[in-house]
Amino acid sequence: MPLDPSRTVADLRELQQLTGDENGAQRVAWTETWERAREWLRGKVADTGAEQTIDPAGNQWFTLPGGSDRAVLIGGHIDSVPNGGWLDGALNVVAGVEVLRRIAEDGSPPVTIRLVNWADEEGARFGRSLFGSSAAAGSMSDQDELRARHDAAGIALPDALQEYGVELDRALEARSELEGASAYLELHIEQGPVLESMDLPLGVVLGTFGVERHGVTFRGQAAHAGSTPMDKRRDALAGAARLELEIREIAKRTGGGAVCTMGGVVTKPGIVTSVVETADCLLDQRHLDADKLAGMLRDAKEASEQFARDEDIEVEWERIWNIEPILFDERLIELADEAIHEVAGTSHHLPSGPLHDAAEVARAGIPTVMLFVQSLRGLSHTKLEDTKEEHLELSVQALDRLAAKTISSFAGG
Ligand SMILES: [Zn+2]
């Protein structure tokens, strides 16, 4: 039977019926509903003859052996946030099932094909995203911190994982799964407004943004709101306010998809009768180019220092977290571009703001690429998340073409 993309849409609706409710998808990792989704997936794959294994990090693998041990991987995550959408993560996995069906029908593939359902991409229950993929990539280094994590009900992470057969201390043994991997392909909804605004169904993802996250504290002097003349004030909020406006200019000037966000400002004393003494700001900056990201950070720091001098206040920076940009494989980007041109006529290149399992796999040195399909209204992590059916079907076709091209490029050379 040839590829039947409408079957993917029907499968996704079935999954939503089985694991969602009136508030959206409820497939939170390490819960009964998640396990039900994994069982459902096992049932869907069974006909293809691919063999299921669960690795020490809880990742669910389906392997279709081919003429060579070298493997082309297709991956996604069936877990969702609470009250999530029907497509985030699940599309990749369910479209992958359809591609497996097509490949299995065609007979034994020249290379091994593996579909992976990564465990706990969302980190919804314990606040740790990309659990399974970071274990397989070998980049998980926070076991001590994870051991101390609890969910909202006070259940410790290791205890919850144990119920699903995962021992935290052994999770890194999942690394062996990537040993024979030649390529990793992931299809995902965009979760943003770019493709919709360009009226394009599909795009190739160049990589995931590098992120610089800082706490920026401005310190001035609390003073009476009535008795302190305007020119005698040391107003910490003035520094914060000017920086908030400046980061928009920095992002605009830098271009290339640059984004800067001041996600929070807490002022003290925070009463209506006092000039602000301290303003604690949270700043997030992202870019696909490491030098440009470093430049945006330098510009923001210099601007904050200038504002501090102007306002006679002080400023202090503290790094909260950062990650390098992770670039996808050039050859696979070309193949993805071809695949999209073939099914949709026009392609587009774009970076990914959110991190994805694909970033972990790429970090492990496996050639990786992602396809994005348009998200309606750019919404995700809500039951309002949606994509037109015709676009979902195109995305399954594009993934299938990409898989075929990748397989023949590895089989041939
Ligand atoms: Zn996702």
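Student: In this predicted model, which residues of strand 5 point one way, and which the other way?

Tutor: Ala71, Leu73 and Gly75 point one way from strand 5, while Val72, Ile74 and Gly76 point the other way. In a regular strand the side chains alternate between the two faces of the sheet.

Student: What makes strand 5 and strand 6 a pair?

Tutor: Pairing needs at least two bridges between the strands. Strand 5 is joined to strand 6 (residues 112-117) by 6 bridges, so the two count as paired; they run parallel. Within strand 6, asparagine 117 is the bridge partner of glycine 76. Between strand 5 and strand 6 the chain passes through helix 3 (residues 90-105), and this β-α-β crossover is right-handed.

Student: How do you know that strand 5 also pairs with strand 7?

Tutor: The cut-off is again at least two bridges. Strand 5 and strand 7 (residues 181-189) run parallel and are joined by 4 bridges, so they pair as well. Leucine 185 in strand 7 is the bridge partner of isoleucine 74.

Student: Why is leucine 282 called partly exposed?

Tutor: Leucine 282, which lies in strand 11 (residues 278-287), has a relative accessible area of 45%. Buried is under 20% and exposed is over 50%, so a value in between is partly exposed.

Student: Which residues form a nonpolar patch on the surface with Leu282?

Tutor: Ile320 and Trp321 form that patch with Leu282, with about 290 Å² of accessible area together.

How values were computed: Residues numbered from 1 in each chain as written. Predicted model: local features only at pLDDT ≥ 70, side-chain atom pairs only at ≥ 80, totals over all residues. Heavy atoms only, no water. Buried < 20%, exposed > 50% of the residue type's maximum accessible area, 1.4 Å probe, protein only. Right-handed = clockwise from strand over helix to strand, strands pointing away. Patch = residues over 30% accessible without salt bridge, like charges linked within 9 Å, V, L, I, M, F, W, Y side chains within 5 Å. Areas by Shrake-Rupley, 256 points an atom, 1.4 Å probe, with all protein chains shown as cover. Salt bridge = Lys/Arg side-chain N within 4 Å of Asp/Glu carboxyl O.
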